[in-house]
Amino acid sequence: MLDYARLPGGKYLINWPGYGNDTYLNVVALDDAAREKALETAKARTLRFVYFIQHELGFRSLGLADDEFPTTDRLALTPYHREGGG
């Protein structure tokens, strides 16, 4: 499972579609309050996915890096945006 998105320094990119942490949003069409709520929901999904990797799949030694982003939740400053191919 962890051969996907392996990064240098023993790190991994967490970008899993379907039942992983990918959340498909059109935040451009949302007002500020709805956008903030949608992004918080997406963050929560990512944190639940990390928990699943640790506790259900048994990779307890893996977690969010504390040396990548200067945020309190250790997630990126802005969400990753993938352009759709519709």
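Tutor: Gladly! Let's begin with the elements: helices (H or I, at least four residues) and strands (E, at least two) are DSSP runs, numbered from the N terminus. Read that way, the elements of this chain run β-β-α from the N terminus on, with 1 helix and 2 strands. Please keep in mind that this is a predicted model.

Student: How do you know that the prediction is confident, then? What is the mean pLDDT of the chain?

Tutor: The mean pLDDT is 87, and 92% of the residues reach 70 or more.

Student: Now the aromatic rings. How many aromatic pairs does a search of the whole structure find?

Tutor: The search finds 2 aromatic pairs. In one of them, the rings of Trp16 and Phe49 have their centres 6.2 Å apart and their planes at 50 degrees.

Student: Why is the pair of Trp16 and Phe49 called tilted?

Tutor: Rings pair if their centres lie within 6.5 Å, and planes under 30 degrees apart count as stacked, over 60 as edge-to-face and the rest as tilted. The centres of Trp16 and Phe49 are 6.2 Å apart, so they pair, and the planes are at 50 degrees, so the pair is tilted.

Student: What makes you say that this pair ties together parts that are apart in sequence?

Tutor: Trp16 lies in the loop between strand 2 (11-12) and helix 1 (32-55), whereas Phe49 lies in helix 1, so the pair ties together parts that are 33 residues apart in sequence.

Student: Are Trp16 and Phe49 buried or exposed?

Tutor: The cut-offs decide: buried means under 20% relative accessible area, exposed over 50%, partly exposed in between. Phe49 has 8%, so Phe49 is buried. Trp16 has 23%, so Trp16 counts as partly exposed.

Student: And what makes the pair of Phe49 and Phe52 stacked?

Tutor: The angle between the planes of Phe49 and Phe52 is 15 degrees; that is under 30 degrees, so the pair is stacked. Centre to centre, the distance is 6.4 Å, within the 6.5 Å limit. Both residues lie in helix 1, 3 residues apart, about one turn of the helix. Phe52 has a relative accessible area of 36%, so Phe52 is partly exposed. Taken together, Trp16, Phe49 and Phe52 form one aromatic cluster.

Student: How do you know that Gln54 is buried?

Tutor: The relative accessible area of Gln54 is 17%, which is under 20%, so Gln54 is buried. Gln54 sits in helix 1 and touches Phe59, Arg60, Leu62 and Gly63, not counting residues up to four places away in sequence.

Student: Why is Val27 called partly exposed, and which residues is Val27 in contact with?

Tutor: Val27 has a relative accessible area of 23%, between the 20% and 50% cut-offs, so Val27 is partly exposed. Val27 lies in the loop between strand 2 and helix 1. Leaving aside neighbours within four places in sequence, Val27 is in contact with Arg35 and Leu39.

Student: What makes Ala33 exposed?

Tutor: Ala33, in helix 1, has a relative accessible area of 59%; that is over 50%, so Ala33 is exposed. The C-alpha atoms of Ala33 and Trp16 are separated by 26 Å, and these residues are 17 apart along the chain.

Student: What is the phi of Arg74?

Tutor: Arg74 has a positive phi of about 65 degrees although it is not a glycine. For background, most residues other than glycine have a negative phi. Arg74 is in the segment after helix 1, and its relative accessibility of 37% falls between the cut-offs, so Arg74 counts as partly exposed.

Student: And the chain as a whole: how much of it is buried?

Tutor: Buried residues make up 17% of the 86 residues. The chain exposes about 6,800 Å², with carbon and sulfur atoms supplying 56% of that area.

Technical notes: Residues numbered from 1 in each chain as written. Predicted model: local features only at pLDDT ≥ 70, side-chain atom pairs only at ≥ 80, totals over all residues. Heavy atoms only, no water. Phe/Tyr/Trp six-rings, centres within 6.5 Å; stacked < 30°, edge-to-face > 60°. Buried < 20%, exposed > 50% of the residue type's maximum accessible area, 1.4 Å probe, protein only. Areas by Shrake-Rupley, 256 points an atom, 1.4 Å probe, with all protein chains shown as cover. pLDDT = per-residue confidence, 0-100. Contact = heavy atoms within 4.5 Å.
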